[in-house]
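Open the model in a viewer and keep the sequence beside it. The tour moves from one selection to the next.

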Amino acid sequence: MQIPHDTRRALDVVVALVNTAAEPGRTDGLSDLGALRGFVREYAISDVGELGARDLSGVRTVRGKFAKVFAAPNSRAAATQINELVATAGTTPRLTDHDGYDWHVHYFAPGASLGDHLAADGGMALAFIVVSGEEERLRRCEAPDCRRAFVDLSRNRSRRYCDSRTCGNRLHVAAYRARRKEADAHGSEQEEVVHGGEQQQGSDHP
């Protein structure tokens with residue numbers, strides 16, 4: 001699937017933001033302003049002014065709305081969530097080539113809050129996925145103890161885990177061990193049947 005560079009970067013931010021939410025066994029990755037500033041630095045989010053408590057609250061709200069897109073049962077439900085996101089953000093498309101990047105489109109309005117900034121750019125990136133008929137690529141990890149969000153960019157939409165090297169390998173190892181355990185148990189049962197038969201024959205012929 002071909003995705004423009006700026007759309008791909010916006011999707012990366014959306015996924016990362018959704019995955020900061022608290023889950024069983026995982027604390028909130030945006031617990032305070034320091035964490036929010038760290039997120040902005042890590043993902044090189046441009047045009048961000050001084051951050052305050054209102055920004056933290058706003059970004060957490062947008063995070064919840066992004067999560068609803070990943071949970072949407074079909075494209076119409078996803079579109080409804082995305083339309084609400086971009087409408088609330090006051091989307092204002094404009095071309096820019098900041099920081100050495102080639103020309104690309106920013107959708108957030110100049111001076112927008114960080115929450116609106118993320119909602120506009122992230123919402124339009126998600127809209128690209130829906131318009132392309134690829135909303136099924138917005139997934140959650142199938143590992144029962146993970147459930148992290150990711151965008152499946154595989155050619156045949158076959159990706160099941162957020163990271164094949166961690167969740168994928170862990171599930172494969174667990175499945176292998178379960179099969180070995182079942183095979184060993186089956187082998188023990190067969191052995192008992194064989195030995196039981198031999199004992200019965202021995203008792204018939206003293």
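Helices (H or I, at least four residues) and strands (E, at least two) are DSSP runs, numbered from the N terminus. This is a predicted model, in which local features need pLDDT of at least 70 and side-chain atom pairs count only at pLDDT 80 or more, while totals for chains, interfaces and linings use all residues. Residues are numbered from 1 along each chain as its sequence is written, and side-chain values use heavy atoms, with hydrogens and water left out.

Select R63 to begin. R63 lies in helix α3. R63 counts as buried because its relative accessibility is 8% (buried means under 20% relative accessible area, exposed over 50%, partly exposed in between, with a 1.4 Å probe and protein chains only). Leaving aside residues up to four places away in sequence, R63 touches L17, V18, T20, A21, D28 and L30; contact means heavy atoms within 4.5 Å.

Next, select helix α1, residues 5-18. Its buried residues are T7, A10, L11, V13, V14, V15, A16, L17 and V18. Show also α2 (33-42), α3 (53-71), α5, β3 (138-140) and β4 (149-151), against which the buried residues of α1 pack.

Finally, select α4 (residues 75-89) and α5 (residues 114-131), whose axes come within 8 Å and cross at roughly 150° (axes are lines fitted to C-alpha atoms, for helices over the stretch in contact, and angles run from 0 to 180 degrees between N-to-C directions). α4 is therefore roughly antiparallel to α5 (angles over 145 degrees count as roughly antiparallel, under 35 as roughly parallel, 65 to 115 as roughly perpendicular and the rest as oblique). In the contact, S75, A78, I82, L85, V86, T88 and A89 of α4 meet D116, A119, A120, G123, M124, L126, A127 and V130 of α5.

Conventions: The expected span of a helix is 1.5 Å times one less than its number of residues.
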